[in-house]
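User: I am new to this structure and would like to learn how to read some of its features. Could you take me through them with the general idea before each case?

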Amino acid sequence: LLWYQRRVREGGWVLQNGANSAVGRAVIQLCRAQGIRTINVIRDRENPEVLKSELKQLGADAVFMNSEASEMERFCAENIPYLALNMVCGEETATLLNCLGNEGQLITYGCMSMQPMVIPFRPMLSKDITLQSFWRSRWTKQNARTEQEWRMFEDIARYFNTGGLTLPPLRRVSLFDCKAALAEGNK
């Protein structure tokens with residue numbers, strides 16, 4: 001997924017949902033390190049300002065909750081993303097597509113909602129948007145032990161070593177406390 005970000009120029013915008021996931025946090029940090037700005041979507045929750053602040057400290061430029069779709073669409077009209085990363089699917093897919101610029105690209109790499117993607121016809125037709133999937137296992141199988149894989153790992157190691165990439169906050173949970181582990185994982 002890191003390699004797709006290279007299609008966005010420095011100063012450009014990337015849009016993503018699931019922004020508070022481990023992948024979402026990594027996208028924020030990696031984009032920041034490359035001078036790429038991010039528009040991030042999180043699930044609705046009580047006291048969202050705490051999470052929004054946390055993501056902005058990682059480098060997020062804008063953070064919206066699902067219920068703030070109209071505000072996000074207005075923001076995107078002035079800060080046009082050409083790449084959107086979709087890990088949620090369902091209705092949220094339509095919001096991402098509505099925000100993408102002409103000839104934008106939507107890459108889906110997960111389906112947290114367990115719902116089919118909602119793909120409105122209008123932005124697909126009028127903006128000539130490309131839909132693509134990314135499956136890490138397939139990518140690894142195709143790129144194992146290649147120069148591209150080594151460069152990716154070198155880049156990631158460099159970002160960790162320089163502090164440009166940090167792990168998400170983790171909390172140890174006993175393997176025998178499955179309910180707590182699942183609750184923590186679903187936050």
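This is a predicted model: local features need pLDDT of at least 70, side-chain atom pairs count only at pLDDT 80 or more; totals for chains, interfaces and linings use all residues.

User: How should I describe the packing of helix α6 and helix α7, and at what angle do they pack?

Analyst: In general, two packed helices are described by the angle between their axes and the distance between the axes. Here, helix α6, residues 136-143, and helix α7, residues 147-162, pack at an angle of about 120°, and their axes are 8 Å apart. Angles of 65 to 115 degrees count as roughly perpendicular and those over 145 as roughly antiparallel, so α6 and α7 are oblique to each other.

User: Which residues in α6 meet which residues in α7?

Analyst: On the α6 side the residues are R136, W139, T140 and N143, and in α7 they meet Q148, E149, M152 and F153. The residues of this contact divide into 3 nonpolar, 3 polar and 2 charged.

User: What is there to say about the phi of C89 and of M114?

Analyst: As a general rule, most residues other than glycine have a negative phi. C89, although not a glycine, has a positive phi of about 70°, and M114, also a residue other than glycine, has a positive phi near 60°.

User: Where are C89 and M114 found, and is each buried or exposed?

Analyst: C89 is found in the loop between β4 (81-86) and α4 (92-99), and with 6% relative accessibility it counts as buried, since the cut-off for buried is under 20%. M114 lies in the loop between β5 (105-108) and α5 (121-127), and its relative accessible area of 66% makes M114 exposed.

Technical notes
Residues are numbered from 1 along each chain as its sequence is written. Side-chain values use heavy atoms; hydrogens and water are left out. Axes are lines fitted to C-alpha atoms, for helices over the stretch in contact, and angles run from 0 to 180 degrees between N-to-C directions. Helices (H or I, at least four residues) and strands (E, at least two) are DSSP runs, numbered from the N terminus. Angles under 35 degrees count as roughly parallel, over 145 as roughly antiparallel, 65 to 115 as roughly perpendicular and the rest as oblique. Contact means heavy atoms within 4.5 Å. Ala, Val, Leu, Ile, Met, Phe, Trp, Tyr, Cys and Pro count as nonpolar, Asp, Glu, Lys and Arg as charged, and the others, Gly among them, as polar. Buried means under 20% relative accessible area, exposed over 50%, partly exposed in between (1.4 Å probe, protein chains only).
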